[in-house]
Amino acid sequence: MRLAKYLAQCGIGSRREACRLIEAGRITLNGHIARHTDPIHLDESLNCLDSIELDGAPITQTETLAYWVFNKAVGTDCRLLEQDETSLVHLLPKAPRLYPVGRLDKDSRGLLLLTNDGELTHKLMHPSFAHSKTYHVRLNRPFTDEFVEQMASGVRYKDLQTLPCQVRRLSSDSFEIVLTQGLNRQIRRMSSALGYKVIDLQRVALMTLTLESLAEGAMRPLTPQEVAVLKTAVTF
C-alpha cells in the first residue's frame with residue numbers, strides 16, 4: 001500500500017493532505033524521512049509492520065471510519081488552523097478525528113461533509129470524478145433570463161472557462177446551480193463576470209446528501225443508510 005493512502009486511512013487527512021505532510025518532511029518511516037514512493041507493509045490482518053510517525057508521534061492503527069454532516073455558518077473558516085479562532089477545527093469533536101471534504105468560503109454557508117475516510121474524500125474531491133454539488137444563490141439585484149442561460153452554458157473569467165451546468169431560477173434575484181467543477185470561488189466569480197454580486201451563497205446538497213432540517217452551526221453523524229447511498233454513488 002502507498003504511504004499517502006495508508007495515512008488517509010489512519011484519519012490523518014485526505015490523500016492530498018497526507019501528500020502535503022510527506023512533502024513537508026513531517027512523516028518518518030522506520031526512522032527516516034518518508035518519501036511518496038515508500039510502500040507500507042501490512043500483515044494478513046492488515047496491521048502495519050512499519051514504524052510511522054507524524055512530527056515524532058507514532059501512527060499506530062487506522063481509525064474507525066466516521067461520516068458526519070455539518071451545516072456551516074458564515075464566518076467559519078474551513079481551514080483547520082488551531083491559531084485561528086474562527087476555524088472549523090474548534091467546532092469538531094475530539095474523537096473521531098474529522099476533516100472536511102472540500103471547503104466552503106468563509107463568507108458562504110451550508111453543507112459540509114466531515115469524515116476520516118481518505119478514499120471517499122479522494123473520490124469526491126478529484127475533478128475527474130465530477131460529482132455534483134448544489135447551491136442556492138442570492139444576487140444583489142434581479143437578473144434576466146439571459147443571465148440564467150449564460151451561467152448554464154459556461155462563463156469565461158480571467159483565463160478560465162467554466163463547464164456547462166444546471167441553473168434554475170428560484171425568485172427574481174435568486175437561483176439554484178448544480179456544479180461538477182470545484183474552482184475557487186467559482187459561483188461568485190461567474191456572477192461577477194456577468195455584472196452581479198453574490199449576497200448569499202448556501203450549499204444545500206452534495207450528491208445524495210442534503211441538509212434537511214439540520215440547524216445552522218449543528219452537525220450530526222450520517223445514518224448507515226446515508227453512508228451506503230453515498231458510497232454507492234461514488235462507485236463507478
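A: The model is predicted, with pLDDT of at least 70 needed for local features and 80 or more for side-chain atom pairs, while totals for chains, interfaces and linings use all residues. Residues are numbered from 1 along each chain as its sequence is written, and side-chain values use heavy atoms, without hydrogens and water.

Asp84 sits in the loop between E5 and strand E6 (99–100); helices (H or I, at least four residues) and strands (E, at least two) are DSSP runs numbered from the N terminus. Beyond four places in sequence, Asp84 is in contact with Asp77 and His90, where contact means heavy atoms within 4.5 Å.

Next come the aromatic rings. There are 4 aromatic pairs in the structure. Rings of Phe, Tyr and Trp (its six-membered ring) pair if their centres lie within 6.5 Å; planes under 30 degrees apart are stacked, over 60 edge-to-face, and the rest tilted. Phe147 and Phe175 make an edge-to-face pair, with 5.5 Å between centres and 65 degrees between planes. This pair joins distant parts of the chain, 28 residues apart: Phe147 belongs to helix H4 (residues 145–153) and Phe175 to strand E12 (residues 174–179). Both Phe147 and Phe175 are buried. Together with Phe143 and Tyr196 they form one aromatic cluster. Arg141 lies over the face of Tyr196, 4.0 Å from the ring centre; a charge sits over a ring if NZ of Lys or CZ of Arg is within 6 Å of that centre and within 35 degrees of the ring normal.

Phe175 also belongs to the largest nonpolar core, which has 29 residues. Such a core is a set of buried Ala, Val, Leu, Ile, Met, Phe, Trp, Tyr and Cys residues joined through side-chain atoms within 4.5 Å. Among the members that touch the most others are Phe175, Val137 and Ile187. Elements supplying at least two residues each include strand E8 (133–139), H4, E12 and helix H5 (186–193). Val137 has contacts beyond four places in sequence with Phe175, Ile177 and Ile187, among others.

Methods:
Buried means under 20% relative accessible area, exposed over 50%, partly exposed in between (1.4 Å probe, protein chains only).
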